[in-house]
Amino acid sequence: MGFAFDLLLALALLWSAWRTLATPDIFRAVILFIVFGLLLTLVWSRLAAPDIALAEAAIGAGLTGALLLDAIGVLRGRKKS
Amino acid sequence: MTSGLIFACAGVVLFAMGTAGVVLLDHLLRRILAFNLMGSGAFLVLIGLAQRDGMPDPVPQAMVLTGIVVAVAATALALALARRLFALTGGYGLPQSEAKDGND
Amino acid sequence: MTDPLPWLILLPLLWATGAFLLGPARGARLALAGTAVQLWLAFALAAKVSSAGTALHHPVGGWGAPLGIDLAADGLAALLLILTQFVALPLFLYARAYFAGKSPAFWPLAGFLLAGMNALFLSADLFNLYVTLELVGLAAVGLVAMGGGAQQLAAALRYLFATLVGSGLYLLGVALIYGVFGTVSITALTPLVTADAPPAVWFAAGLMLAGLMAKTALFPFHYWLPPAHGGAPAPVSALLSALVVKASFYLILRLWLHPFAPLTQVAAWLPALLGGAAILWGSWQAIRAERLKELVAWSTVAQLGYLFLIFPLLGADRLALHAGGMQVVAHGLAKAAMFAAVGVLIQVTGRDAVADVAGVAARLPVTLFAFGLAGITLMGLPPSGGFLAKWMLIDAALLRGRWDMVVVILAGGLLAAVYVFRVLRQAFLLPSSGERRRVERRPVATLEWTAFALAAASVLVGLRGMEILRLLEAGT
Amino acid sequence: MTANEALPLAVIASSLLPGLAIFALPERSVALRSALNLFGALAKLALVATLLAGVAAGEDYAFRYAVLPGIDLAFKADALALLFVTLSAVLWLFTTLYAIGYLENAPHRSRFFGFFSLCVTATMGIAMAANLFTFFIFYELLTLATFPLVVHRGTPQAMRGGTIYLAYTLLGGTLLLAGIVWLNALAGHAEFAHGGYLAAGDAPNWQMQVIFLLLIAGVGVKAAIVPLHGWLPQAMVAPAPVSALLHAVAVVKAGAFGIVRIVYEVYGIEFAQSLDLLAPLAVFAAVTIVWGSFRALFQDDLKKRLAFSTVSQVSYIVLGVALFGPLGTVGGLVHLVHQGIMKITLFFCAGNFAETLGIHKVSEMDGAGRRMPLTTLAFSIGALGMMGAPVTAGAVSKAWLADGAEAAGMDWAIWVLWTSSLLNAAYFLPILWRAWLRPAPAAWPEERIVARGRRETAWLLLLPPLVTAIMTLAAGMFAESPGSPLEWAKLIAAREYRVAH
Amino acid sequence: MKRFAVALLAALFAVALIAALLELPAPAVDLPAAVGAKMAESGIAHPVTAVLLNFRGYDTLLEIGVLLLALIVVLAVAAREEAKQPAVADPVLQTLARIAAPLMLLAAVYLLWAGAFRPGGAFQAGAVLAAAAVLLHLAGLAAAWQKPGKCLRIGLAAGFLVFLAVAAGLLVEGALLQYPPAWAGALILLIEATLTVSLGLILAGLFLFLS
C-alpha cells in the first residue's frame with residue numbers, strides 16, 4: 001500500500017515537473033510549479049520530514065510561487081499596454 | 001524498495017530534467033523554474049538516499065532546510081535580474097550575441 | 001583573538017552587514033579597516049601553519065567532525081587566504097576612488113564575497129562548502145549586475161545560471177556522498193573513499209568536479225566568463241578574475257588531492273586536455289578581441305587553463321602542485337592589476353576599444369607600466385611569479401615526458417605576448433592629431449597607483465618563491 | 001653579506017636604481033636626470049675597476065639567492081663576465097653622454113633614460129649570471145627593456161620595427177627557455193664552470209645535441225646569426241643612441257656572450273667538440289659573416305648598411321668560439337670588445353651625420369668630410385678597423401682568428417675572413433671616398449646644427465665618437481701591453497683551457 | 001540537434017545513476033546516532049532544530065548571509081524600477097487578509113516556540129510572517145516597499161547581526177558557535193527569535209521590493 005502510494009506520488013511529482021517545463025503557456029507553467037511544490041510537500045511528509053514539508057509549503061511553493069506569479073503579472077501588464 | 005529509495009530515484013530524474021531545462025530553455029522564467037526543479041531533485045536524493053533504510057535522519061533534513069532557503073535566495077536574485085532585464089529590453093530571453101556591441 | 005580561522009570569516013560578514021546599514025562612505029572605511037585586519041590575520045595564520053607544519057583545525061560548535069563542521073587550514077588554504085586579502089585590500093582602495101560614493105551595493109556584496117571565499121578556503125565539510133560556494137557565486141553575480149545596464153544584466157544572468165548549475169551538480173554529488181558514507185566531513189571521508197568504492201561515489205566525484213569546473217570557467221564551460229568579467233565595473237572584474245574563479249579551482253584541487261585521490265587518477269588527462277584547449281582558445285580570442293576588457297577577460301580563460309595542466313603531473317615531487325600554487329598567486333595579482341589598469345584607461349579615454357589607447361603611453365605612464373608589468377607575469381617572463389610557475393610546470397611536464405604539454409605552455413606564453421603587446425604597442429603609438437583633441441578626464445592617482453602596486457607585486461612575488469613553496473608544503 | 005657578495009649586486013644596482021629614480025622624475029628636470037645618469041655610469045665604472053683589480057688578483061666575487069628549491073639567482077664576476085661588464089660599462093658612459101646630447105628637447109626623456117638604464121642593468125646581469133636560470137632572467141629583461149626604446153619614436157615604422165624585434169626575440173627566448181628547462185631536467189641545476197658542467201653520461205647524445213640547438217637558437221636570435229638576423233636591420237628605426245646600445249653595448253653582445261658561456265661553461269669546449277657541435281656552429285658563423293657583408297653592399301641607408309655589417313661582425317665572435325683551440329678563443333673574445341668599440345663609433349658618427357646635416361643615406365654623404373671633419377675622421381677609423389686595417393683593433397681580432405682557424409685545422413675559415421674583409425672594404429670605402437673626396441652639395445638634406453667656430457656639431461655628440469675612435473686605435477696599437485682587451489682575453493682563454501686539459 | 005543531445009545525455013545520466021543507487025552498502029558513519037547521543041547537550045529537544053542551530057549552526061549562519069545578500073542585490077537592481085501602486089483592491093481578498101494576517105502572526109509565534117521540541121522553527125515562522133506581509137500587499141492593504149529606511153535596514157539585518165554577535169562572543173570562551181550547554185537553549189532561542197523577525201522581513205522584502 002505504502003509502496004504503491006509512493007510510486008504514484010513520485011510519478012505525479014515527475015509529471016508535474018515535466019509539464020512545468022513543457023507547457024507552452026508560462027502562466028500555466030508557474031501554476032504547475034506550485035502544484036509541484038505541494039506534491040513535494042507531500043513527499044516530504046512521506047519521508048518523515050515535517051520540517052521540510054512546512055518549509056517547502058511556505059517557501060518553496062508559497063513564496064517562490066508568489067514571486068513568479070508577480071513576475072508574470074509584470075510580463076502580462078507590459079504586453080497589454 | 002523503501003520510500004526513501006523511490007524518491008531518491010525520482011530525485012535523480014528530476015535533477016536530470018531540471019538541468020536539461022536550465023541548459024536548453026530560452027525563457028528566463030522557465031530557466032528559473034527548471035533550476036528550482038533541479039534543486040528539489042538534489043534535495044530528494046539527499047534525504048531519500050540517507051533514509052533508504054526507512055529511518056529519519058535529522059542531519060540531511062537540516063541540510064535541505066538550508067538548501068531550500070539558499071534556493072529561494074537564488075530564485076529571488078534571478079527574478080530580480082530577469083525583471084530588470086525585461087524592463088530594459090522588453091524580453092525574457094538572453095540576447096544571443098552580446099559583448100559585440102559594447103553598450104555600457 | 002586566539003584563533004585566526006573563525007575571525008577571517010566573521011570579520012567580513014560583520015563589515016558587510018555594517019556597510020549595508022551605514023551606507024557606502026562609512027562602508028568603504030569599514031571594508032578597508034576590516035580587510036587590513038584580515039590580511040594581518042591571514043599572515044598570522046600562515047605563520048602558525050608554517051611553524052606547526054600540519055593543518056590547523058577548528059571544530060565549529062566544539063563538536064568536531066563528523067557531527068559538527070570543522071574548519072581546517074593547511075598551507076594551501078593559508079596561501080589563498082593571504083592572496084585574497086592581499087589583492088582585495090588595494091582593490092578596495094581602488095574601488096573607493098572608482099565608485100566615489102556611488103554603487104552602495106558594492107561594499108556589502110564585496111564583504112559577503114570575501115567572507116564566502118575565506119569560508120570556502122577554510123571549510124572541511126562538503127555541505128558547508130556548498131553554502132560557501134553559493135555565497136561566493138551569488139555575491140559575484142550581484143556584483144556583475146550592479147552596473148545595471150542590459151549588457152551587464154544579461155551577463156550576470158548567464159553567469160548566474162552557470163554558477164547555479166555548477167553548484168547544483170556539486171550538491172547532487174554531496175547528496176550521493178552522504179547517502180553512501182553517511183558523512184560529508186572531508187577528514188572522515190578521506191580514509192573511506194577507495195578505488196573500489198561503489199559507482200555512486202564515482203558519480204559523486206564526477207558531478208562535484210564537473211560542477212566546480214563550470215564555476216571555474218574551464219573550457220568549454222568558459223562561455224559565461226568573458227561577458228561577465230568584461231562587462232562588470234573594473235574593480236568588480238578585478239575581484240572576479242583574480243580571486244573568485246580561483247576559489248572554485250582551489251576546491252577542485254582540494255577534492256582532487258584529498259577524498260577523491262583514489263578515483264581521479266584515471267581521468268587526470270581530461271582536465272589537462274581541457275586546460276590546454278583553454279590556453280589556446282582563450283589566447284586566440286584575446287588576440288582577436290576588440291574591447292580592452294574583453295581582451296583581459298579572455299586572457300583569464302587562457303590563464304586558468306594552466307592551472308588545469310597540473311593534474312596529470314601531480315606526484316611525489318610536488319613540482320606540479322607548486323607550479324599551480326605559484327600560478328594562482330601570480331595570476332591573481334597580475335589579473336587584478338591588469339583589470340585595474342584597464343579601468344583607468346577606459347575611465348580616462350572614455351572609450352574601451354583596443355585601438356583607442358593610442359598614445360596613452362605619454363599621458364598615463366604609471367597605468368601603462370602597471371599593464372606592462374602585469375603582462376610580464378601573464379606571459380610568464382622573468383622574474384615574475386608567472387615565470388616561476390611556468391618554469392616548474394615545464395619542468396614537471398618534462399620529467400614525465402609530456403612534450404605535448406611543454407609545447408602548449410610555451411605556445412601559450414607566446415600567444416600571451418601577442419595580446420599583451422597588442423595593447424602596449426598601441427599605447428606607444430603617437431596619436432593622430434585629430435585624436436588628440438578629445439576631451440579626457442584626468443586620471444585619479446589612487447587608481448593608477450593601486451594598479452601599479454598590484455602589478456609590481458605580481459612581478460616581485462617571483463623573488464619570494466621559496467616562502468610560497470614552503471607555505472604550500474605545510475600540511476597540504 | 002660580505003663585500004665580495006655585495007659588489008656584483010652593487011654593479012647591477014648602479015644602473016638599476018638611477019633608472020628607477022629617473023622613471024619617477026618629471027620631464028623637465030633635465031639637470032637632475034643627467035646628473036643621475038652620469039652618477040650611475042661613473043659609479044659603475046668605479047665598481048667595475050674594483051672588480052677588475054680583484055679578479056686579476058684572484059678574488060672570487062659571487063652572490064646567490066634561492067628562488068626555487070635548488071635553483072638560485074646567482075651572480076659571479078669572473079674574468080669572462082668582467083670582459084663584457086667592462087665593455088658595457090665603459091661604452092654606457094659614452095652612450096649616455098651621447099644620448100643626453102642627442103635627445104636634447106626631445107619628448108619622453110624620463111621614459112627613455114629609465115629604460116636605457118634598465119637595458120644596461122640587464123646586460124650586467126647577463127654578464128655576471130652564474131647559471132642559465134639567472135642568464136635567462138636577464139636575457140628576457142633585456143628584451144623587455146629594449147622594446148620601448150626601439151619604438152620610442154612612436155611612428156608606424158618604429159612600431160613595425162619594434163614588433164619584428166619582439167617577434168624574433170620572444171620566440172628566441174621561448175626556445176632558450178625550453179632548452180634550459182630541458183637541460184635542467186636532465187642534468188640538474190648547475191652553475192657555469194670552466195670547462196663546462198656537462199659530461200658524456202648525463203643524457204643521450206642526441207638530446208644534448210637538440211638542447212644545444214635550442215640554446216644556440218635562443219641566444220642566436222640576439223646575436224643575429226643567419227637566418228635569425230631579420231630583426232636587426234629593422235630595428236635601426238630606433239634613435240641613434242639606441243642603435244649604439246643594440247649593436248655594441250647590449251643586445252647583440254648579449255647573444256654572442258651567451259654563446260660563449262654555453263659553449264665554454266655549460267658544455268665545455270671539449271665535450272662540445274666530441275658531440276660534433278662546433279663545426280656546424282662554425283659553418284653558421286661563416287655563412288652569417290659572408291651573407292651580412294654581402295647584404296651590406298646593397299644598402300643605401302647608412303644605418304642599414306651598418307646593421308648588416310653588425311650581422312657579419314658579431315659572427316666573428318661566434319666563429320672564434322667555434323674554432324677549437326685557445327687561439328680562436330682569444331680571437332673571438334677580443335673581438336667581443338673590439339667590435340663593440342668600433343661599431344659604436346660608427347653609429348655615433350651616423351647619428352651625428354643625421355642629426356647635424358640630415359644625412360641618412362650613403363648617397364647623401366658627398367663632401368660630409370669637409371663640413372664635419374672630426375666626425376668623418378672617427379667614422380673612417382671605425383670603418384678601417386672593421387676592414388681589419390693595420391694598427392686598428394680589427395686587425396688584432398682578425399689575426400688571432402686566422403691563427404685560430406689554422407690551428408684548428410679549419411683553413412676554409414681563413415678564406416671566409418679574407419672574403420669578408422674584401423666585402424667590408426667594398427661597402428665602407430665608397431662611403432669614405434664620398435665623404436672625403438667628393439664635393440659637398442649646395443645644400444644639406446636638413447641642416448639642424450650650425451657649425452660654430454671649429455666645432456662642427458654639439459660637443460656632446462662629437463666627444464663620444466672621438467674617444468671611441470681613439471680607443472679603437474689604442475686597442476690595436478697597444479694590444480700586447482698589460483690591461484689591454486687582448487691580454488684579458490688571453491687570461492680567460494688560459495683559464496678555460498687549463499681546466500679543459 | 002542540441003536539444004536532442006542534451007535530453008539524451010540527461011536521460012542516460014539518470015538511468016545510470018539510478019542503477020548505481022540501487023545497490024549501496026550501509027553507510028560507514030552513523031550520524032543519526034551521534035545526533036541522538038549529543039541531543040542532551042544541544043539545548044534543544046527537536047533533532048532537526050538541534051542540527052540546524054547547534055551541530056551545524058555554522059551552515060545556518062552562512063545561509064542567512066546568503067539570504068541577506070540576495071536581498072541586497074534585489075535592492076540594488078530593483079531600486080531603479082518605477083514604484084508600482086498596490087494591486088487593485090478586491091473586497092473579498094481584503095476581508096480575508098484582515099482576518100488571516102493576525103492569525104498568521106499567531107501561527108508564526110507558535111512555530112517559533114514549537115521549533116524547540118517539534119517540527120517548526122525560525123524559518124517556517126519567518127516564512128509565515130513573510131506570507132502575511134505578501135498577502136496584505138496583494139490585498140492592497142500594504143504598498144510595495146521603496147528604498148529601505150534606517151529602521152527597516154536594522155530590522156533586516158538584526159537577526160544576522162545577533163547571530164554573528166553570539167558567534168563572535170562565544171569565541172572568547174571556546175570555538176565558533178560553541179554554546180555552553182547551560183546557555184545553549186537560551187542563546188538559541190534569542191537567535192531564533194530575532195531571526196524570525198529578520199527572516200520575515202527579508203523574505204517579504206524579496207517580494208515587496210521587487211513588485
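Start at D:G358: it takes a positive phi of about 80°, just after α14(D). This is a predicted model, where local features need pLDDT of at least 70, side-chain atom pairs count only at pLDDT 80 or more, and totals for chains, interfaces and linings use all residues. Residues are numbered from 1 along each chain as its sequence is written, with chains lettered from A and ligands numbered from 1 in the order in which they are written.

Helices (H or I, at least four residues) and strands (E, at least two) are DSSP runs, numbered from the N terminus.

Now select residues 326-357 of chain D, helix α14. In α14(D), 32 of the 32 residues are buried (20 or more other C-beta atoms, placed from the backbone, within 10 Å of a residue's own), so the helix is largely enclosed by the rest of the structure.

Next, select residues 62-68 and 71-76 of chain D. These are β1 and β2, antiparallel and joined by six bridges. D:A66 has D:D72 as its bridge partner in β2(D). The two strands form a hairpin with two residues between them. In the turn, D:G70 has a positive phi of about 80°.

Finish with chains B and C. The contact (C-beta atoms, placed from the backbone, within 7 Å) takes 35 residues from chain B and 36 from chain C. On the chain C side, α6(C) gives the most, with 20 residues.

Definitions and conventions:
Two residues are in contact if their C-beta atoms, placed from the backbone, lie within 7 Å. Two strands pair if DSSP finds at least two bridges between them. The expected span of a helix is 1.5 Å times one less than its number of residues. A residue is buried if 20 or more other C-beta atoms lie within 10 Å of its own, exposed if 12 or fewer, and partly exposed in between; C-beta atoms are placed from the backbone.
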